Amino acid sequence: MSFQIILIIHVLLALGLIALILMQHGKGADAGAAFGAGASGSVFGARGANSFMYKLTASVAFAFFVTSLTLAYLATNETSADNEPASIMESAGSVPIIPSDVPMIAPTTSESDISDIPE
């Protein structure tokens, strides 16, 4: 149950991180502000948006990495209810081996089988 909850939180953090990154402007946008194209009266102020958005993006990214590590830990340490091996290599060792004392019976050929073979 906890795996699914953390997975849902992880997906929401990923979508939020994408949205935050796309909302930010690049360093090239500051060159236009030097010639009067900057919006000093924006919602966060002239320099406030940079630090606020940076801190918000950093915190969402940190939470994304924590959920990634948690999901990796839960996926590797998950045990099934019937304790069957999780990988193919672990189940390969549990294949029963035929003991050497069991006689192997070779197929026999009859005269009619031999006569059917074309020459």
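What follows is a short exchange on a predicted model of one chain.

User: What makes the pattern of this chain α-α-α-α-α?

Analyst: The chain has 5 helices and 0 strands, and read along the sequence it gives α-α-α-α-α.

User: Why is the pair formed by Phe-64 and Phe-65 called edge-to-face?

Analyst: Ring centres must lie within 6.5 Å to pair, and planes over 60 degrees apart count as edge-to-face. The ring centres of Phe-64 and Phe-65 are 6.0 Å apart and the planes stand at 65°, so this pair is edge-to-face. By this rule the count is 1 aromatic pair.

User: Why does Phe-65 count as exposed?

Analyst: Exposed means over 50% relative accessible area. Phe-65 has 52% relative accessibility, so it counts as exposed.

User: What makes up the largest nonpolar core?

Analyst: Its 6 residues are Leu-13, Leu-17, Leu-20, Met-53, Val-60 and Ala-61. To belong to such a core, residues must be buried and joined through side-chain atoms within 4.5 Å. Helix H1 (2–23) and helix H3 (48–76) each supply at least two residues of this core.

User: Which residues is Met-53 in contact with, leaving aside neighbours within four places in sequence?

Analyst: With those neighbours left out, Met-53 is in contact with Leu-20, Met-23 and Gln-24. Contact here requires heavy atoms within 4.5 Å.

User: How many of the residues of the chain count as buried?

Analyst: The share is 9% of 119 residues, where buried means under 20% relative accessible area. The accessible surface of the chain comes to about 10,300 Å², with 68% of that belonging to carbon and sulfur atoms.

Definitions and conventions: Residues are numbered from 1 along each chain as its sequence is written. This is a predicted model: local features need pLDDT of at least 70, side-chain atom pairs count only at pLDDT 80 or more; totals for chains, interfaces and linings use all residues. Side-chain values use heavy atoms; hydrogens and water are left out. Helices (H or I, at least four residues) and strands (E, at least two) are DSSP runs, numbered from the N terminus. Buried means under 20% relative accessible area, exposed over 50%, partly exposed in between (1.4 Å probe, protein chains only). Accessible areas come from the Shrake-Rupley method with a 1.4 Å probe; for residues, only the protein chains shown count as cover. Rings of Phe, Tyr and Trp (its six-membered ring) pair if their centres lie within 6.5 Å; planes under 30 degrees apart count as stacked, over 60 as edge-to-face and the rest as tilted.
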